[in-house]
Amino acid sequence: MDSYWDGPKPEAQARTIEEMQDVLADPGCTSDQPLYFMYRDLARSDDDRRWLHDHHVRYDITVIPSRILCGEYVKTKGHYHTVNPAGVPYPEIYEVLSGTGHYLLQTEDASDVVMIVGSVGDKILIPPGYGHVTINPAREDLVMANLVSTEFSSNYAPYAEMRGAAYYEMEGGALVKNPRCPDAPPVRYCDPVEVPELGIEKEVGLYDLIGRPRAVAFLNHPEQFMEIFADVTGGCLLMR
């Protein structure tokens, strides 16, 4: 964390295996170590924090150590976003700071399942209506940042009820279908997104979007930017 953040650092929120057992391929799996760490609502200065709060946006960093959990790659719990006042679910955007991340996205009925592979500098856009799980498939820590609206709370219940995402990624990279999602389609793949008109590019860090209102406006008003999300959920998603 210290290598990727030079501002004030709050105490990490640690996700334990007890909190994760209801979404694991093997719910009886045990571990005496936290699975990942979340540093939320970060800002390097009071001015940055004021700007973020004024625009209802939060900057976080998550660290997912390399680990195998009873044959499954370590992952986040998975959640969906609620809808904004316009009736459109809130989106989110991630940036890989170190390592490799597998971002497994799906609609709530699992009628569409998408994998985005991200490496350092890549931006992963979570479009409205998609839940998401982040998987660390590598032998090194995955460190990622995100920007997200502060106007909603994440909904973890659908993933817990279904005992995880539509697929589990096992050691070696095999995707094993969740028995509770028998009708889920094959996984589709998409490249990380770039949206130059908003400043969302590989060489531009998410933190550098602070001070640029239009660059973060889609996080609270996705209904005004549906053309961006059409690229993510439409033609760029191709079977490998």
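Rings of Phe, Tyr and Trp (its six-membered ring) pair if their centres lie within 6.5 Å. The views below use this meaning of an aromatic pair, and they show a predicted model.

**View A. Trp5, Tyr59 and Tyr207 make up one aromatic cluster.** The structure as a whole holds 7 aromatic pairs. Tyr207 also has a charged residue over its ring: Arg44 lies over the face of Tyr207, 4.3 Å from the ring centre.

**View B. Tyr90 and Phe152 form a stacked aromatic pair.** The ring centres are 4.9 Å apart, and the angle between the planes is 15°. Planes under 30 degrees apart count as stacked, so this pair falls in that class. Are the two residues buried or exposed? Buried means under 20% relative accessible area. Tyr90 has a relative accessibility of 5%, so Tyr90 counts as buried. Phe152 has a relative accessible area of 12% and is therefore buried as well.

**View C. Strand E2 pairs with strand E1 and with strand E3.** Strand E1 (residues 13-15) and strand E2 (residues 36-39) run antiparallel and are joined by 3 bridges. Within E2, Tyr36 is the bridge partner of Arg15. Strand E3 (residues 57-64) is also joined to E2 by 3 bridges, and these two strands run antiparallel. Here Phe37 stands opposite Val63 in E3.

**View D. Arg15 lies over the face of Tyr156.** The distance from Arg15 to the ring centre of Tyr156 is 5.2 Å. Arg15 is also the residue whose bridge partner in E2 is Tyr36.

**View E. An open sheet is formed by 4 strands.** The order of the strands is E10-E7-E8-E14, and the pairing is mixed. Why is one side of strand E10 and of strand E14 left without a neighbour in the sheet? Strand E10 (130-135) and strand E14 (188-190) stand at the edges, and each has a single partner strand, so one side of each has no neighbour in the sheet. From one strand to the next, the twist averages 25°.

**View F. Strand E8 and strand E14 run parallel.** Strand E8 (residues 113-118) is joined to E14 by 3 bridges. For Met115, the bridge partner in E14 is Tyr189.

Terms used. Residues are numbered from 1 along each chain as its sequence is written. This is a predicted model: local features need pLDDT of at least 70, side-chain atom pairs count only at pLDDT 80 or more; totals for chains, interfaces and linings use all residues. Side-chain values use heavy atoms; hydrogens and water are left out. Two strands pair if DSSP finds at least two bridges between them. Axes are lines fitted to C-alpha atoms, for helices over the stretch in contact, and angles run from 0 to 180 degrees between N-to-C directions. Rings of Phe, Tyr and Trp (its six-membered ring) pair if their centres lie within 6.5 Å; planes under 30 degrees apart count as stacked, over 60 as edge-to-face and the rest as tilted. Buried means under 20% relative accessible area, exposed over 50%, partly exposed in between (1.4 Å probe, protein chains only). A charge sits over a ring if NZ of Lys or CZ of Arg is within 6 Å of the ring centre and within 35 degrees of the ring normal.
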